[in-house]
Amino acid sequence: MIADRARLVAVHEALLGWYARNGRDLPWRRTRDPYAILVSEIMLQQTQVERVRPKFHEFLACFPTFESLARAPAGEVIRRWAPLGYNRRAVRLHAVARTVVERFEGRLPERAEQLRELGGLGSYTANAVACFAFGQAVPVVDTNVRRVLGRLFADLVGLDPPGGRSLERFAAAVLPADRAYEWNQALMDLGATLCTARAPACPSCPMALACVGRPLLAAARSRPAQAAERRATYTTRPPYQRSNRFYRGRIVDQLRLLEPGQSLSLAELARAVGPDPSSKDDAWIADLVDGLRRDGLATIVEDQGETWVALP
Ligand code: SF4
């Protein structure tokens with residue numbers, strides 16, 4: 001179900017007017033270079049804006065074009081990705097750069113469907129690049145946008161709509177085709193600054209009059225017992241410091257310290273990143289290292305009964 005025309009016009013005017021006055025000044029909004037925008041979108045996938053800002057400039061200074069990135073060894077790209085984490089993003093970006101150079105003469109295709117076919121770019125990133133670099137009128141639905149759309153149009157999609165095709169179709173239907181860039185950026189800014197997950201600032205929100213979700217949220221917040229119950233479900237996660245992701249990150253950080261061509265034995269690696277530096281046990285790390293190899297983040301060489309690990 002789609003909102004009626006008058007309602008949509010009111011929502012567009014309120015949000016776009018607010019964005020014109022309050023939109024964040026972000027470096028990737030000052031360019032339409034498809035390469036720079038792709039880099040920013042991949043960096044922003046799991047990292048906050050303020051951590052991405054300096055790295056974005058540094059990374060572009062090292063690798064200013066698809067060609068320069070494609071030419072670089074994977075290990076160098078992984079080195080330059082620090083300290084952003086989620087290092088598989090660096091591997092994916094590098095692979096996309098190679099595809100763009102080999103198959104498209106260094107020029108990114110413009111349409112979201114073509115971008116998805118490159119491999120390595122999901123629906124969100126393909127739409128973001130198609131819209132922000134090439135001006136395509138496609139929706140860009142990340143977690144923040146999903147939440148904001150759910151609240152603004154709670155009567156049509158539900159306060160907490162599941163992501164996926166159906167929400168993307170709805171987002172496309174409410175998109176103002178001639179202002180797609182600003183609209184998508186505005187939804188993101190509203191979700192990042194006012195319409196946050198835990199503390200939506202409804203009294204100061206420019207959308208308060210048009211927002212169907214506002215009274216529903218207020219009613220939900222007045223049910224503290226249920227809220228406490230919801231919070232309790234978050235406490236069952238294992239601590240990050242004992243997770244595989246934590247140790248994978250530490251292993252890659254250790255490999256980054258090596259000069260190109262150097263490697264570390266599995267035993268040295270286990271001592272350097274493990275919970276007990278005096279332990280002689282390195283079996284626990286072998287699976288993690290093999291997983292990193294499969295993800296393109298490490299190379300493994302067996303030599304004289306010893307396992308040696310390095311960046312690719
Ligand atoms: S009024 Fe509240 S719930 Fe609605 S968009 Fe604004 S901050 Fe979000």
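This is a short walk through one predicted chain, from its overall layout down to a few single residues.

Okay, ground rules. It's a predicted model, so local features need pLDDT of at least 70 and side-chain atom pairs count only at pLDDT 80 or more, while totals for chains, interfaces and linings use all residues. Residues are numbered from 1 along each chain, as its sequence is written.

Let's start with the overall picture. The secondary structure comes to 17 helices and three strands; those are DSSP runs, H or I of at least four residues for helices and E of at least two for strands, numbered from the N terminus. Along the principal axes, the C-alpha atoms fill a box of roughly 75 × 55 × 30 Å. Of the 312 residues, 32% count as buried. Buried here is 20 or more other C-beta atoms within 10 Å of a residue's own, exposed is 12 or fewer, and partly exposed is in between, with C-beta atoms placed from the backbone. Contacts with a separation of 6 or more are 61% from residues 24 or more positions apart; a contact is two C-beta atoms, again placed from the backbone, within 7 Å.

Now the domains. The chain is divided into domain 1 (1–236) and domain 2 (241–310), with bounds from an automatic or database domain assignment. Their C-alpha centres lie 34 Å apart. Nine residues from domain 1 and eight residues from domain 2 make the contact. On the domain 1 side, α5 and α6 (88–104) each supply at least two residues, and α5 gives the most, with four. By class, that side of domain 1 has four nonpolar, three polar and two charged residues. For the classes, Ala, Val, Leu, Ile, Met, Phe, Trp, Tyr, Cys and Pro are nonpolar, Asp, Glu, Lys and Arg are charged, and the others, Gly among them, are polar.

So what about the core? The largest nonpolar core has 78 residues, and V39, V129 and I251 touch the most other members. A nonpolar core is a set of buried Ala, Val, Leu, Ile, Met, Phe, Trp, Tyr and Cys residues joined through C-beta atoms within 7 Å. The helix that gives the most to this core is α2, with eight residues. And the core draws at least three residues from each of domain 1 and domain 2. If you click on V129, you'll find contacts with P34, I37, L38, E41, L108 and L115, leaving out residues up to four places away in sequence.

Next, a couple of helices. Take α3, residues 49–62: at 1.5 Å a residue its 14 residues should span 20 Å, and the end C-alpha atoms are 20 Å apart, which agrees. The expected span is 1.5 Å times one less than the number of residues. There is a bend of about 25 degrees at K55 in α3, the bend being the angle between axes fitted to the seven residues ending there and the seven starting there. V52, F56, F59 and L60 are buried in α3, and the buried residues of this helix pack against α2 (34–44) and α5 (74–81).

Then there's α9, residues 143–152, which is largely enclosed by the rest of the structure because eight of its 10 residues are buried. What covers the buried residues of α9? The cover includes α1 (5–22), α10 (154–157), α11 (165–173), α12 (180–193) and α13 (213–221). Among the buried residues of α9 are R146, R147 and R151.

V309 is buried, with 24 other C-beta atoms within 10 Å. Its contacts, beyond four places in sequence, are L255, S263, L264, L266, L269, V289, A298 and I300.

A cis peptide bond joins A82 and P83, with omega about 5 degrees, and P83 is found in the loop between α5 and α6. E105 has phi near 50 degrees, a positive value in a residue other than glycine. E105 is in the loop between α6 and α7 (112–117), and is exposed, with 9 other C-beta atoms within 10 Å. Q304, also not a glycine, has a positive phi of about 50 degrees. Q304 is found in the loop between β2 (299–303) and β3, exposed, with 5 other C-beta atoms within 10 Å.
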